[in-house]
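Please look over the sequence and the structure below before reading on. The briefing that follows goes through them topic by topic.

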Amino acid sequence: MKNKTYSLKTLPPVSYRPARMHFVRWLYFFVFIMACCASLFFLGERYEAQSVLIKYLAFGITGLWIIAFSVSLLKWTCLNIIANGEDKAREEWILLQTRKSRRALQILFSDFITCHSTDLEHAHALNELMNNNIVMISHTDRRGNTGVRHSQLPSLRTDTILKLVTDALIKLLSSTNETLSKLSDDTKIKILIQSSTSVTEEDITDVVKAFFTINNVKKSFEIMPGRGFDFIDSWFEDNIFEKSVLLVLALQIDPELSANSAEFAVAMIFGNRYTQEIVPPIALLHRPDVSAQSEITAGMKQAGDNVPLKDNVVEYVWLTNLTAEQYLIINTSIGQYPLQSIKPENIIIPDNSVGLSGPSSPWLTLAAAACAAEHSLTPQMIISGDTQASEILWSVSIMPFLSQPESISSCA
């Protein structure tokens with residue numbers, strides 16, 4: 001079961017089992033042997049000179065039958081015992097993988113800023129994103145290049161990139177304060193920073209540390225490396241039982257390539273269902289499924305089964321970071337489970353409305369989908385490409401939290 005090619009979409013085969021033994025045939029053969037032996041004994045009585053040899057021949061034939069039958073029975077039994085053990089291990093592996101796939105993260109907080117906002121103090125424009133309102137226009141980028149089609153966060157001409165990044169982070173971190181303050185002091189904050197900007201990651205980290213110091217955040221924190229849904233998948237595997245929360249800060253401001261790009265900033269807080277019971281979640285993020293682009297239909301089905309959706313169907317699907325070929329592949333899958341009820345107006349493509357969001361694209365889409373799940377109380381699904389592996393796609397289910405007690409017994 002250590003073969004990495006196996007998954008819940010491609011189950012390991014059942015073990016080889018030998019064909020059942022035909023005991024009636026062996027019995028018929030035994031009767032035939034006994035008849036032959038009786039004949040040999042009869043001949044031995046008639047030919048006394050050869051009687052001993054004939055009797056030995058009869059006993060030898062009987063012995064050969066016993067040996068052949070015993071070896072066949074032993075081989076058949078051993079192969080079935082081995083197959084039983086391997087099939088039991090296969091069933092245990094499937095059960096373990098199913099339990100792992102049913103794991104979910106609590107989304108405790110989600111906020112984002114895009115160019116839909118008139119300034120950094122205004123709330124995110126969720127409706128604008130969900131309506132696919134295009135806000136990319138051709139204008140001068142932050143490096144003085146004219147006629148570049150992209151979107152920018154609101155700012156003053158005198159604002160430096162560092163000030164803009166700092167203001168966006170402070171605005172979002174201030175919004176997280178209420179959620180973080182509710183957590184017990186022994187809860188560790190693990191922070192993932194993913195950025196695409198001319199400002200160094202060290203400067204961004206300094207802004208976060210300064211904010212925690214100024215606001216007297218007493219909880220210990222740790223900066224973690226990682227990116228996108230790869231990081232989330234690793235968290236499900238390695239950190240799901242920790243008494244810690246995950247704070248994600250993702251932004252793209254003044255990217256190296258501004259053409260068709262989006263400027264945005266995101267803050268999200270995730271909690272582990274097994275250890276976090278203080279803050280009620282706004283939504284649940286179920287384990288992402290990664291598939292080759294040729295297997296996206298199976299990947300979407302698996303992401304739906306990870307919830308599991310049962311009779312519920314996805315109301316909105318968010319597409320991000322996809323190539324033209326991948327869009328075509330996904331279009332052929334829309335109409336199949338779990339996207340069988342998707343309406344054309346409920347297909348949301350932030351890349352077309354606000355622009356390409358680069359390596360941080362999963363976080364903008366995830367933050368918006370989480371807010372949509374909270375406000376619409378409907379299941380959401382994200383299908384995302386991967387900036388470092390162009391041939392794979394991620395399928396992710398986000399479910400609204402309906403204030404009912406969470407059942408996690410099947411997710412261990």
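## Lys163 and helix H4

Lys163 is partly exposed, its relative accessible area being 40%. This residue belongs to helix H4. The model described here is a predicted one.

- Lys163 and Val199 are separated by 36 residues in sequence, and their C-alpha atoms lie 9.8 Å apart in space.
- Helix H4 covers residues 161–182 and also holds Lys182 and Glu178, which are four residues apart.
- A salt bridge connects Lys182 with Glu178, with 4.0 Å between the closest N and O atoms.
- Because Lys182 and Glu178 are four residues apart in helix H4, about one helical turn separates them.
- Lys182 has a relative accessibility of 44%, so this residue counts as partly exposed.
- Glu178 reaches 55% relative accessibility and therefore counts as exposed, since the cut-off for that class is over 50%.

## Other salt bridges

The structure contains 16 salt bridges. Several of them are described here.

- Glu222 and Lys188 form a salt bridge in which the closest N and O atoms are 3.2 Å apart.
- This pair links distant parts of the chain, as Glu222 sits in strand S5 (residues 221–224) and Lys188 in strand S4 (residues 188–197), 34 residues apart.
- Glu222 has a relative accessible area of 31% and is therefore partly exposed.
- Lys188 is partly exposed as well, with a relative accessible area of 30%.
- Asp305 and Lys301 meet through their side chains in a salt bridge, at 3.0 Å from N to O.
- Asp305 has a relative accessibility of 22%, and buried would mean under 20%, so Asp305 counts as partly exposed.
- Lys301 counts as partly exposed too, at 43% relative accessibility.
- A network of salt bridges links four residues: Lys100, Asp233, Glu237 and Arg287.

- Which residues form the negative surface patch? The patch is made up of Glu201, Glu202, Asp203 and Asp206.
- Glu201 lies in helix H5, which runs over residues 201–214.
- With 41% relative accessibility, Glu201 counts as partly exposed.

- Is strand S10 mostly covered or mostly open? Strand S10 (residues 316–320) is mostly covered, with five of its five residues buried.
- One side of S10 carries Tyr316, Trp318 and Thr320, the other carries Val317 and Leu319, and all of these are buried, so that both faces are covered.
- S10 runs parallel to strand S12 (residues 380–385), and five bridges join the two.
- Trp318 has Ile382 as its bridge partner in S12.
- S10 also runs parallel to strand S11 (residues 347–348), to which two bridges join it.
- In S11, Ile347 stands opposite Val317.

## Backbone points to check

Most residues other than glycine have a negative phi, and most peptide bonds are trans.

- Where the chain passes from Tyr337 to Pro338, the peptide bond is cis, with omega at about 5 degrees.
- Pro338 is located in the loop between helix H8 (324–333) and S11.
- Asn132 is not a glycine, yet its phi is positive, at about 55 degrees.
- The loop between helix H3 (126–130) and strand S2 (137–139) is where Asn132 is placed.
- Asn132 has a relative accessible area of 28% and is therefore partly exposed.
- Asn260, also not a glycine, has a positive phi of about 60 degrees.
- Asn260 is placed in the loop between strand S6 (244–253) and strand S7 (264–272).
- At 34% relative accessibility, Asn260 counts as partly exposed.

Terms used: Residues are numbered from 1 along each chain as its sequence is written. This is a predicted model: local features need pLDDT of at least 70, side-chain atom pairs count only at pLDDT 80 or more; totals for chains, interfaces and linings use all residues. Side-chain values use heavy atoms; hydrogens and water are left out. Patches are made of residues with over 30% relative accessible area and no salt bridge: like charges are joined within 9 Å, nonpolar side chains (Val, Leu, Ile, Met, Phe, Trp, Tyr) within 5 Å. Accessible areas come from the Shrake-Rupley method with a 1.4 Å probe; for residues, only the protein chains shown count as cover. Lys and Arg count as positive and Asp and Glu as negative; His and the chain ends are not counted. The place of a charge is taken as NZ of Lys, CZ of Arg, CG of Asp or CD of Glu. Buried means under 20% relative accessible area, exposed over 50%, partly exposed in between (1.4 Å probe, protein chains only). Two strands pair if DSSP finds at least two bridges between them.
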